[in-house]
Amino acid sequence: MSELSQLAALALILAGTFFFSVGTLGLIRFPDLRSRLHALTKADNLGLGLVLTGVALLLGSWTSAAVLVLTWVLALAAASISAHVLGGIDAAEQSQQRRGGSETQATPPTPDTPERQS
């Protein structure tokens, strides 16, 4: 393996870890769920693609590159499905709050928790 391909693989892996870090920072810093999901899914999927491309260059095999591409495609699908589900749950909760429904309901005491006596 030439030094140029090793250098390119290292650059791709470092760029991928940068995008992973930015996605994690977005998850921590953004205020609402939809912004967090956007930052996390976009940056992490790009980061994963860059890291896997760098690893495929290091391995130097078409078979391993195909497996890594399949891994990336499955991760893209899983991230988009989970973000869609979480975004739908958030939209339903916001819609319920706008209609005047309370998000937190009073729960009756369970046998394990004693009731407060006034």
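Which residues form a nonpolar patch on the surface, and how much accessible area do they have together? In this predicted model, the patch is formed by Leu33, Ile81, Val85, Leu86 and Ile89, which together have about 420 Å² of accessible area. Helix H3 gives the most to this nonpolar patch, contributing four residues. Leucine 33, by contrast, lies in helix H2, and with a relative accessible area of 32% leucine 33 is partly exposed, because that value falls between the 20% and 50% limits.

**Overall architecture**

The protein has three helices and zero strands, and reading along the sequence gives the pattern α-α-α. Helix H1 covers residues 3–29, helix H2 covers residues 33–59, and helix H3 covers residues 62–98. Of the 118 residues in the protein, 21% are buried, while the accessible surface comes to about 8800 Å², with 66% of that surface belonging to carbon and sulfur atoms. When contacts between residues at least 6 apart in sequence are considered, 68% of them join residues at least 24 apart.

**The salt bridge**

A search of the whole structure finds one salt bridge, in which the side chains of arginine 34 and aspartate 90 meet at 3.5 Å, taken from N to O.

**The aromatic pair**

One aromatic pair is found in a search of the whole structure. The ring centres of phenylalanine 18 and phenylalanine 19 lie 5.6 Å apart and their planes stand at 75°, so the pair is classed as edge-to-face, the angle being over the 60 degrees that this class requires. Phenylalanine 18 is exposed, with a relative accessible area of 52%, and phenylalanine 19, at 27%, counts as partly exposed.

Is threonine 41 buried or exposed? Its relative accessibility is 16%, and threonine 41 therefore counts as buried, the limit for that class being under 20%. Threonine 41 lies in helix H2, where a polar atom of the threonine 41 side chain is found 2.8 Å from the backbone oxygen of leucine 37. Leaving aside residues up to four places away in sequence, threonine 41 touches Ala79 and Ala83.

**Isoleucine 28**

Isoleucine 28 is found in helix H1 and, at 61% relative accessibility, counts as exposed. The C-alpha atom of isoleucine 28 is separated by 9.8 Å from that of leucine 40, a residue twelve places away along the chain.

**Exposure of the residues discussed**

The table brings together relative accessible areas for residues described above.

| Residue | Relative accessible area | Class |
|---|---|---|
| Threonine 41 | 16% | buried |
| Phenylalanine 19 | 27% | partly exposed |
| Leucine 33 | 32% | partly exposed |
| Phenylalanine 18 | 52% | exposed |
| Isoleucine 28 | 61% | exposed |

Note on methods. Residues are numbered from 1 along each chain as its sequence is written. This is a predicted model: local features need pLDDT of at least 70, side-chain atom pairs count only at pLDDT 80 or more; totals for chains, interfaces and linings use all residues. Side-chain values use heavy atoms; hydrogens and water are left out. Helices (H or I, at least four residues) and strands (E, at least two) are DSSP runs, numbered from the N terminus. Buried means under 20% relative accessible area, exposed over 50%, partly exposed in between (1.4 Å probe, protein chains only). A polar contact is a pair of N or O atoms within 3.5 Å; within protein, one must be able to donate a hydrogen and the other to accept it, and residues adjacent in sequence count only if both atoms are side-chain atoms. Contact means heavy atoms within 4.5 Å. Rings of Phe, Tyr and Trp (its six-membered ring) pair if their centres lie within 6.5 Å; planes under 30 degrees apart count as stacked, over 60 as edge-to-face and the rest as tilted. A salt bridge is a side-chain nitrogen of Lys or Arg within 4 Å of a carboxyl oxygen of Asp or Glu. Patches are made of residues with over 30% relative accessible area and no salt bridge: like charges are joined within 9 Å, nonpolar side chains (Val, Leu, Ile, Met, Phe, Trp, Tyr) within 5 Å. Accessible areas come from the Shrake-Rupley method with a 1.4 Å probe; for residues, only the protein chains shown count as cover.
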